[in-house]
Amino acid sequence: MTRRKSERLMNLVIALLVSQQYLTKDRIRQVVEGYHDQSDEAFERMFERDKEELREIGVHIEVGSFEKAFEDEPGYRIRRDTFELPEISLEADEAAVVGLAARVWQHARLAGQTSSALVKLKAAGVPVEPDALPALEPQLAADEPSFEPLWDAVISRTPVTFEYARTGQPTQLRHLEPWGILSWHGRWYVVGHDRDRGATRMFRLSRIVGDVAPDGRPGEYDVPEGLDLRAEAEWLAPTSPDASATLRIRQGSGWGLRRRSTATDPVDAGWDRVEVPYGGRWQMAEEIASYADDVVVERPDDLRGAVVAILRGVAEDVA
Amino acid sequence: MSQSARDQVPRMLALVPYLRGRDGIPVDQVAKDFGVSPQQIVKDLNVLWFCGLPGAVTGDMIDVDMEALESEGVVYLDNAEYLPRPLRLTTSETLSLIVALRSLRDIAAAAELPSIESALAKLESAAGDGAAPAVEVHIERADPAVHEATQKALATGHRMHLSYLVPSRDERTERDVDPLRLLTAEGRPYLEAWCHLAGDVRLFRLDRIVEATVLDVAADPHPHAPRRDLSEGLFRAVEGTVAAVLDLSSPARWVAEYYAVDAAEERPNGDLRVRLKVGDTGWLRRLVLRQGGAARVVEPVELADEVRACARRALTAYGG
């Protein structure tokens with residue numbers, strides 16, 4: 001079954017590729033082995049399915065009118081310039097690093113996509129080498145069930161809808177034109193135009209509950225020119241330092257803070273006075289509180305106050 | 001399409017141009033390059049043998065030397081000049097390749113960067129249809145000095161000395177390690193190395209290496225050292241030994257998403273009660289201290305008391 005189908009699809013591709021003009025359905029039925037012994041109806045069904053399946057593997061079949069006199073009857077062909085891989089001339093060193101890409105994806109379908117891309121490059125004569133730099137192993141995982149549908153939606157520019165859960169709130173049905181997806185600290189996010197809010201929004205894939213469903217046609221919207229996903233993700237980054245704290249840190253502790261210090265002076269037995277720049281006050285206060293009595297804030301006062309509030313919250317908890 | 005035809009047709013469309021100029025290539029080599037079994041390649045060739053120009057009579061079929069294939073296991077394919085190039089990459093293929101290379105770029109050594117950058121530029125321009133910016137991967141940059149030293153030690157096979165922070169115990173440790181590989185997980189670079197202090201393989205987060213020195217000593221080979229399988233994620237890879245129960249109120253619920261918890265249960269008061277295994281109670285104490293009361297230890301009871309005592313002790317320094 002597979003064998004006959006593969007054979008028919010190959011012959012269909014070759015026929016449409018070598019033809020100088022559009023081929024009518026009748027002609028295709030005549031020349032492609034596997035079509036002629038079918039009933040009219042069965043042939044129609046088979047041909048439609050075959051076209052769709054070729055489209056899925058990246059073979060674009062062009063529909064046109066094959067002769068003026070037959071305007072009503074569509075003809076089909078595959079244009080060589082849209083079918084063939086364009087010339088990609090990779091130097092030996094470039095080809096070597098491209099080969100490494102094969103090991104990166106920890107996601108079955110994308111690992112498969114990377115491999116089939118590399119097979120095509122090998123078939124085009126690019127000397128892809130999988131064994132260069134064996135000690136370098138970046139790994140990309142994508143365990144979120146919503147990853148695959150969103151990857152496809154981004155590529156085909158298809159609007160989607162999904163239930164989204166925010167901490168401590170009931171899930172909400174959201175409608176999104178997805179522009180791109182990004183991975184930040186191993187978590188995937190989707191960025192796009194939120195049709196409910198009328199604004200750009202970012203959603204964490206792990207908070208999408210249930211299915212991601214199409215909510216329109218492919219290519220229905222445009223992605224803004226010059227979209228910079230890294231810039232969109234800026235707010236995920238820690239705030240850059242705009243203040244400096246003076247801390248007393250017990251000697252032999254507070255290592256995470258000491259790493260970022262700009263000055264350290266011993267003050268009295270067992271203690272250092274350390275200057276540490278910081279951005280977000282509450283984030284810094286939480287970090288300081290985690291060191292308990294090994295770190296004490298001297299100034300500024302608002303940071304002192306924040307640390308005291310956090311520690312009181314912990315101390316006064318009576319379960 | 002049945003899964004096999006979906007795989008077979010694109011593979012055959014690559015196989016034909018691949019075999020041009022490779023007359024007499026062993027079928028085993030072809031299988032290796034295509035990542036399938038030699039039997040599969042033989043099946044593919046058996047299908048191709050029946051393909052050819054439209055309205056084909058025998059002379060128009062793709063010609064496969066079946067005798068050479070069967071007797072010597074080598075491949076000769078002819079009469080398919082109309083398929084000189086493989087099929088164009090699909091957007092998804094291009095994108096998966098580009099994203100993989102970008103991750104590689106983010107941990108590569110300075111010496112390898114130019115090759116990666118130029119390969120990426122060529123692939124991105126071949127993609128052409130604006131798909132390239134649609135996926136980004138952010139990998140945190142480590143201290144360049146630490147990164148370079150690690151790369152150098154790996155490339156030359158030297159032992160390293162690390163000053164390494166262990167935040168869960170708030171310790172700065174000194175250790176010699178034999179580097180095995182540099183990898184990324186959850187968006188951060190890690191060094192996997194044989195640690196002479198632990199006498200075992202350990203993962204070191206690059207941003208926690210305070211200082212890295214390449215020693216003038218060759219690293220021992222560790223061919224049988226177990227490599228950590230990270231496919232299940234980093235936190236899952238760490239075997240916890242202490243069973244703990246936490247109550248999380250709204251501001252601390254993220255803990256349940258961020259760390260692998262064994263069970264979660266909604267409480268009548270709106271809290272989420274989670275059970276988790278931790279390797280180290282120091283880590284948990286620090287996690288709870290920073291939540292300001294939004295996370296409370298239920299079990300172990302001694303830890304709950306210890307955390308409260310810690311906070312009270314810390315407050316005395318503020319006159320409270």
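Two residues are in contact if their C-beta atoms, placed from the backbone, lie within 7 Å. Helices (H or I, at least four residues) and strands (E, at least two) are DSSP runs, numbered from the N terminus. This is a predicted model: local features need pLDDT of at least 70, side-chain atom pairs count only at pLDDT 80 or more, and totals for chains, interfaces and linings use all residues. Residues are numbered from 1 along each chain as its sequence is written, and chains are lettered from A and ligands numbered from 1 in the order in which they are written.

**Stop 1: the contact between the chains**

Select both chains. Chain B puts 97 residues into the contact, and chain A puts in 94 residues. On the side of chain B that touches chain A, helix α5 (residues 91-107) gives the largest share, twelve residues. That side of chain B has 53 nonpolar, 23 polar and 21 charged residues. Here Ala, Val, Leu, Ile, Met, Phe, Trp, Tyr, Cys and Pro count as nonpolar, Asp, Glu, Lys and Arg as charged, and the others, Gly among them, as polar.

**Stop 2**

Which residues of α6(A) meet α5(B)? Show A:Leu110, A:Gln113, A:Thr114, A:Ser116 and A:Ala117. Their partners in α5(B) are B:Ser92, B:Glu93, B:Thr94, B:Ser96, B:Leu97 and B:Ala100. This helix contact has four nonpolar, six polar and one charged residue.

**Stop 2: strands across the chains**

Select strand β4 (residues 136-137) of chain A and strand β7 (residues 171-185) of chain B. They run parallel, joined by two bridges. Strands pair if DSSP finds at least two bridges between them. A:Leu136 stands opposite B:Leu182.

**Stop 3: a hairpin in chain B**

Select β12 (residues 263-266) and β13 (residues 272-278) of chain B. The two strands are antiparallel, with four bridges. B:Glu265 has B:Arg273 as its bridge partner. Five residues lie between the strands, and B:Gly270 has a positive phi near 95°.

**Stop 4: a loop residue**

Finish at B:Asp23, in the loop between α1 (3-19) and β1 (25-26) of chain B.
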